[in-house]
Amino acid sequence: MSEEATVQGMETHKRMSYLHWDDYFMATSLLSAQRSKDPVTQVGACIVDSQNRIVAIGYNGFPRNCSDDEFPWTKAKKDTKDFDPLKDKKMYVVHAEANAILNSNGATLTGTRLYTTLFPCNECAKLIIQSGISDILYLSDKYAEKPTYRASRRMLDAVGVGHRRHVPKQKQIIINFDDILEEDPNSSLNLNDLHL
Ligand SMILES: [Zn+2]
């Protein structure tokens with residue numbers, strides 16, 4: 001391609017298909033959820049300040065150094081003869097929202113927004129309120145009728161923490177590592193051979 005053609009072909013306007021902030025932060029929450037070892041429920045959360053800076057991220061998992069292979073990922077069934085509450089994951093799992101708050105590394109959370117893939121439970125609602133988070137954006141509210149979630153909503157409404165379902169502007173975001181690697185002529189090289 002000639003230099004002139006290159007100049008003519010240059011894009012002079014901003015790209016219009018860029019990711020909307022809310023989609024970006026919800027996608028960040030979803031990506032974080034991919035870290036979860038829970039075989040049934042993967043939840044991710046992302047806390048963002050008023051200047052659209054990510055303050056913290058979290059996903060549901062056991063407390064640090066509680067082995068993912070030793071603690072149970074099962075739900076203990078109360079009606080069964082050998083019911084053992086200590087074999088229920090609920091006893092041990094830290095929820096995504098709680099982990100995000102704990103991961104904030106001392107940053108003030110007053111006035112921040114929490115993006116979560118699932119509407120927060122009552123225990124997380126307590127932490128959200130106490131930490132000063134002012135708004136919640138969620139993707140799914142599939143347990144809305146359960147007492148845990150009704151209690152959560154009751155507390156949030158009582159203190160004026162906003163909550164609304166995020167309706168994504170785009171249906172999907174595809175991350176394909178190959179797209180980047182295919183346009184990189186050095187991707188198949190061993191970096192040690194480059195003599196930098
Ligand atoms: Zn929770």
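The chain is divided into domain 1 (21-60 + 95-165) and domain 2 (65-92), with bounds that come from an automatic or database domain assignment. The C-alpha centres of domain 1 and domain 2 are separated by 24 Å. The structure is a predicted model, in which local features need pLDDT of at least 70 and side-chain atom pairs count only at pLDDT 80 or more, while totals for chains, interfaces and linings use all residues. Residues are numbered from 1 along each chain as its sequence is written.

An unreviewed UniProt entry carries the annotation "domain: CMP/dCMP-type deaminase" for residues 20-156; UniProt positions are given in the numbering used here, feature names are shortened, and annotations may be inferred rather than shown by experiment. Helices (H or I, at least four residues) and strands (E, at least two) are DSSP runs, numbered from the N terminus.

Most residues other than glycine have a negative phi. N52, although not a glycine, has a positive phi of about 60 degrees. N52 is placed in the loop between β1 (44-48) and β2 (54-59), and is exposed, with 11 other C-beta atoms within 10 Å. The loop between β2 and α3 (96-102) contains N65, which counts as exposed with 5 C-beta neighbours inside 10 Å.

Key: A residue is buried if 20 or more other C-beta atoms lie within 10 Å of its own, exposed if 12 or fewer, and partly exposed in between; C-beta atoms are placed from the backbone.
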